[in-house]
Amino acid sequence: MSLPDAFAAQADTCTRMGSPFMGQLLSILAADWPTDSALGRKFAGFTGDIGPAGHSLPLRIAGGLHALVLSDGPPELAAVYPPHRATDESLRAEVLSALERHQAFLLDWTDSPPQTNEVRRSAALIAGAHVALNHFNLPIHLSELGASGGLNLMWDQYALEIDGARFGTDMPAVLLSPEWTGAMPPKANPVIADRAGVDLNPLDPTRADHLLRLTAYLWADQPDRLSMTRAAASVATTQPQQGDAIDWLGPRLAAAPQGRLHLIQHTVAWQYFPDAVQARGKALIEAAGAQATANRPLAWLSMETDGDTTGKVGAALTLRLWPGDLTLDLGRADFHGRWVKWAYTG
């Protein structure tokens with residue numbers, strides 16, 4: 001895929017996922033990317049997949065531009081960013097100017113791939129945990145793979161609201177109200193006894209520079225995502241550890257205590273693990289599941305793509321439980337958590 005094609009494809013995806021501004025911005029970059037600049041030469045040097053499943057170059061530069069706006073950078077750029085509306089001509093002029101005048105910042109920013117921590121995915125995690133607790137009503141030993149900044153490790157501090165029914169704490173830091181179709185999840189009273197996560201490049205949302213990275217990759221015309229992320233960061237207590245997810249998980253599985261439900265969770269992370277790592281992780285979890293007991297059960301809750309890359313049908317919600325090796329199809333969820341199509345009727 002060429003760089004203009006990658007920009008155009010990402011523009012289409014963002015538009016379909018409710019961000020017309022990102023569609024406008026990335027379409028401009030598709031047509032007018034400065035190939036003869038230092039940024040242009042840097043991006044031309046990437047090999048392999050440069051789209052969202054690979055290096056994700058369009059979102060790298062879009063995140064860098066948004067970071068300039070969020071960090072009180074050039075007022076001329078902020079003036080053509082939401083909540084303002086800009087013509088293609090004015091947006092093009094200011095974006096191309098920012099690419100030139102702030103090239104040093106953007107060269108540094110784009111060294112790293114995009115990293116977000118989509119808090120609205122916790123709606124699916126809350127519902128899935130309620131199902132797991134309906135089978136094994138024990139305090140939770142929580143482990144997250146690909147945890148980013150650890151915001152979804154804090155789902156017990158949030159609440160899910162469906163048609164006036166609330167699942168979770170009475171005083172949530174974040175109230176999640178996705179478009180919900182299907183039955184209600186079962187009622188439960190989650191108690192998280194301990195929590196931990198892992199990521200190759202973990203972020204600490206209590207640090208201003210790390211929180212900037214988490215928020216810059218949110219789309220500028222979706223302020224609700226920005227406010228949710230900041231609210232979730234205000235109650236974050238667990239910074240993920242740095243490391244390979246499966247190397248980290250092995251000791252975590254072995255050390256899971258009696259009298260706890262060990263709940264492994266991941267959202268739109270497993271799909272980025274190499275095939276060999278996925279196979280090793282699956283074998284490790286299944287081996288631990290074979291040793292699970294009613295007083296030391298294991299649950300594996302995932303929200304991952306099962307082939308769809310368009311965002312139209314979202315990610316599959318799956319829960320595996322041991323002892324018994326029960327696999328439950330919970331339904332599907334939007335990658336950004338805007339909607340849940342719940343299939344479990346338990």
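**Entry: a serine in a strand**

I began with Ser143, which lies in strand S1; helices (H or I, at least four residues) and strands (E, at least two) are DSSP runs, numbered from the N terminus. The model is a predicted one, where local features need pLDDT of at least 70, side-chain atom pairs count only at pLDDT 80 or more, and totals for chains, interfaces and linings use all residues. Residues are numbered from 1 along each chain as its sequence is written, and side-chain values use heavy atoms, with hydrogens and water left out.

Is Ser143 buried or exposed? Ser143 counts as buried because its relative accessibility is 0%; buried means under 20% relative accessible area, exposed over 50%, and partly exposed in between (1.4 Å probe, protein chains only). I then found a polar contact between the side chains of Ser143 and Arg252, at 2.7 Å. A polar contact is a pair of N or O atoms within 3.5 Å; within protein, one must be able to donate a hydrogen and the other to accept it, and residues adjacent in sequence count only if both atoms are side-chain atoms. Setting aside neighbours within four places in sequence, the contacts of Ser143 (heavy atoms within 4.5 Å) include Trp248, Arg252 and His262.

**Entry: an asparagine in a loop**

Next I looked at Asn152, in the loop between strand S1 (140–145) and strand S2 (158–162). Asn152 is buried too, because its relative accessibility is 1%. I saw its side chain reach the backbone oxygen of Glu118 at 3.2 Å. Not counting residues up to four places away in sequence, Asn152 touches several others, among them Asn117, Arg121, Glu144 and Thr267.

**Entry: the cores**

Which residues have the most contacts inside the largest nonpolar core? They are Leu25, Leu65, Trp155 and Tyr158, in a core of 84 residues. Such a core is a set of buried Ala, Val, Leu, Ile, Met, Phe, Trp, Tyr and Cys residues joined through side-chain atoms within 4.5 Å. Helix H8 (residues 122–135) gives the largest share of this core, 9 residues. Another core lies apart from it, with 17 residues, including Val198, Ala245, Trp270 and Trp322. Back at Trp155, I listed contacts beyond four places in sequence, among them Leu125, Ile140, Pro190 and Leu263.

**Entry: two helices**

I checked helix H1 (residues 3–16) against helix H2 (residues 20–32): their axes come within 8 Å and cross at roughly 170°. That crossing is why H1 counts as roughly antiparallel to H2. On the H1 side the contact includes Phe7 and Cys14, and on the H2 side Met22 and Leu26.

Most residues other than glycine have a negative phi, and most peptide bonds are trans. I noted these exceptions:

- Pro82 and Pro83 are joined by a cis peptide bond, with omega about 15°; Pro83 sits in the loop between helix H5 (75–78) and helix H6 (88–101).
- The bond from Trp322 to Pro323 is also cis, with omega near 5°.
- Asp72 is not a glycine, yet has a positive phi of about 55°; at 72% relative accessibility, Asp72 is exposed.
- Asp163 has a positive phi as well, near 50°, and is exposed at 75% relative accessibility.

Conventions: Axes fitted to C-alpha atoms, helices over the stretch in contact; angles between N-to-C directions. Parallel < 35°, antiparallel > 145°, perpendicular 65-115°, else oblique.
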